[in-house]
Amino acid sequence: MSPGRWPLRALTGVLTVIAAATGLLFPDIYARVVRPDLVPGALSQDLISAIAGFSLLVLAFLARGGRPKLQISALGILGYLFYAYGIYVIERTYNGFCLVYMAVFTLTFWGLVYGALKLRAERPERARLLKGVRVLSASGALLQPLIFYPLWIAMLLPLMQSGEQIDSLYSVFILDLCFVMPAFLILSVLTFRGRWPGLVYAPALYLLGFALIFSLALGELFKPFFSVAVSAVSLCSSLALSAFFLVLGALHLGKLELGVMRRNETHRPHTGSAGALAGTER
């Protein structure tokens, strides 16, 4: 890892652990800024965020010597934290940790940009993935925008007609429709075509999805502690989708072969495109 990358991730991990652990230990910080029925979700998100922050801190040191698959995992964790703290920032969670939430949101965004660029600089054009796994992964990624674009737009249309401004969870529309679903769509197409960005970055997106959806499942389990009814449908669907993300992401990353080219290697031109090499059946 380059000298500038690991301190950035370490700082992000430390701030995340502090913010998330405080939320878990002192849930009253959400009393005036989060709707009561949403507090269980905030705490479950803090639990996953604390684990993610600690994992990012560990990866910041383990991946200092390269290890591209660990770099990909770190990008997935950064993506989850960008989403999780994007919710707090967009939903105006103005408690004592508001500035910390904004700091994590900022660090994760630029960490994603910088990390993706640095991974690209290592020239992963030799990435290979078996065709069956590639098609399965691409299909799974494509499934997300096919489901969530119609679902979220159908929920937005009545609001657009009435002009109503909802006071909670509008951040999900912003983050999903503007960031996550386009990423799934783009990486799905690139993975179908065997292009290296899809092959390399798709597992990070699956890790993001797993962490995010699993936190929703935990939120359902936290509800009885706050006298809120558990939704069996939400619990089962969240567990199923998080398992889907975990299995598909682990399969993709496990089968991915990264023939990374170092800068001092001779870079031969592509024959047609990077996908001609990346998508080769074996």
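**Exercise 1.** In which helix do Phe-148 and Trp-152 both lie, and how many residues apart are they?

*Solution.* Before we start, note that this is a predicted model, where local features need pLDDT of at least 70, side-chain atom pairs count only at pLDDT 80 or more, and totals for chains, interfaces and linings use all residues. Residues are numbered from 1 along each chain as its sequence is written, and side-chain values use heavy atoms, leaving out hydrogens and water.

Step 1: both residues belong to helix α5, residues 131-162, and sit four residues apart, about one turn of the helix. Helices here are DSSP runs of H or I with at least four residues, numbered from the N terminus.

Step 2: Buried means under 20% relative accessible area, exposed over 50%, and partly exposed in between (1.4 Å probe, protein chains only).

**Exercise 2.** Classify the salt bridge partners Asp-37 and Arg-35 as buried, partly exposed or exposed.

*Solution.* Step 1: a salt bridge needs a side-chain nitrogen of Lys or Arg within 4 Å of a carboxyl oxygen of Asp or Glu. The closest N and O atoms of Asp-37 and Arg-35 are 2.8 Å apart.

Step 1: Asp-37 is partly exposed at 34% relative accessibility, and Arg-35 is partly exposed at 36%.

Definitions and conventions. Helices (H or I, at least four residues) and strands (E, at least two) are DSSP runs, numbered from the N terminus.
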